[in-house]
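Here is a short briefing on one protein model. Have a look at the structure first, and then we will walk through a few of its parts together.

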Amino acid sequence: MSGMDRISELPECLLTQILSYLPTNQSVQTSVLSKRWENLYLSVPGLDLNCSVLPNYDADEVILSFLSFIDKLLEFSPESVLFKVKVQCRDTMIDGFRDRIGMMIDRGTQHLDVVSSTHCLEDDNFHYPIVDMMPMNLYTSKTLVYLKLSSSGLMDPGFVSMPCLKFMHLEEVKWRVHLEKLLSGCPVLEELTLSRDMDDDYAIGNEEFMVMRVRSQSLKRFSVLPLRQARDYHSRVECTLEIDAPGLEHMSLGEDQFDRIVVKKLPSLLVVELDIKFFVKVGVLFNTWDVSKSNEIRDFLNGISSVGHMIISGMTVHAFEHYSKAGIIPKFNNLSRLQAVFHGKLLQFLPAFLECCPNLKHLILKVLYPEEMDEGLELTDVPRCVSTTLECVEIQEKLQWEEGKMKATSYFLGNSAVLKKLILSPTAYDPRDVLESEIWEKVNKLTKRSTGCEIIIRAMKEEVVII
């Protein structure tokens, strides 16, 4: 009927479930709707609170409002479970924050996401970071399945047992406990994500924290995320990353945060994503005469040599090319799919790298040409995979037909004997400069070694297939 409040007639358990999908500050606003809604938000089985949106501008009032609200929430339904807790207090240092997190963990929290304060104390022109240490009952939670911490501190509890934890995301954490010890108490952990705190000076006086060991029998996915803020300086604390996870299937290294990377054999590895150059200093490649660094890269490549799908950035391609001047890139015999970014001047390295992928079937290649391209660049060597196994190539490059351009397209069409499909996905295409009929005509004239290869052009208004 018109004007009837159908939502308010729903069962309370359903209403609180609906409110759980809203940030807490929004669910609180529903308390003014009617008498029934007045305290409904206090029964929501979760918390999503950001200190920056609290309605007070004075820091002390924000702290008081935060603590009062948490206490009210915990006291209203002392037996209820807070399944999901997300708290963000990056801009506010709150005395009592750790105690409230501990109380919520005791309420059977399964999903915990905490962004801690990054405040510093100033004394004699020095900045001393204040660290929000997590409560000790975190390490023995029997209910946690998902844990995400940002800028928080982790003390050594002496004993770790998180039997249900499957997902762990640790971003710029202040370590006072070894990562290896933390992982040892997580027997079913499947996914680990790290982002190192490059300014945590605690390791300077504690050398044992200069190594981070990812050692786990259950781990399936491991990622190193790019830093939250870009930096143009090197950390004063050198750190080595060691990875020993025989069941690892997916590994992503998104930034050079570690001075050395050591991997054991990863026999289960299916996918690896690399956006690193094996050297932390910004804008600088490693010295090829550095034997220890060359050995480190050699051992790393051997450790991931069983991978089936590789995704590498232009920076990593440059590092591989640089390393090849001093060492030998191993064979990736299981690699069937490769996604890579090549800057135009490094295309000369492409055949040599593909020679290391003898069973490659699918290649996605993005080519970045500089404004001035060396007209003398020629791709002449034909590696085994190009002539015997490569079935699908997708080339992402600027669509232009001047002499010396479109090298990759011509190379694969002219040399791939068993190619079934070549996809052109231009990264820059202006229909005012190139007519669609001209695209079709130019592509159709390219020499094809594989007579059964179809060419798909994604630049045109409608995808065109040339057989």
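Helix H6 (residues 291-303) has 13 residues and spans 18 Å from its first C-alpha to its last, close to the 18 Å expected at 1.5 Å a residue; the expected span is 1.5 Å times one less than the number of residues. Helices (H or I, at least four residues) and strands (E, at least two) are DSSP runs, numbered from the N terminus. This is a predicted model: local features need pLDDT of at least 70, side-chain atom pairs count only at pLDDT 80 or more, and totals for chains, interfaces and linings use all residues. Residues are numbered from 1 along each chain as its sequence is written, and side-chain values use heavy atoms, leaving out hydrogens and water.

**Around helix H6**

**Nonpolar cores**
- A nonpolar core is a set of buried Ala, Val, Leu, Ile, Met, Phe, Trp, Tyr and Cys residues joined through side-chain atoms within 4.5 Å.
- In the largest one, with 114 residues, Trp-175, Phe-222, Met-251, Ile-304 and Phe-412 touch the most other members.
- Helix H3 (residues 59-76) gives the most to this core, six residues.
- A second, separate core of five residues includes Leu-15, Leu-19, Trp-37 and Val-44.

**Asn-415**
- Asn-415 lies in helix H10 (residues 407-415).
- Its side chain reaches the backbone oxygen of Tyr-411 at 2.8 Å.
- Leaving aside residues up to four places away in sequence, Asn-415 touches (heavy atoms within 4.5 Å) Val-382, Val-386, Ser-387 and Arg-449.

Key:
A polar contact is a pair of N or O atoms within 3.5 Å; within protein, one must be able to donate a hydrogen and the other to accept it, and residues adjacent in sequence count only if both atoms are side-chain atoms. Buried means under 20% relative accessible area, exposed over 50%, partly exposed in between (1.4 Å probe, protein chains only).
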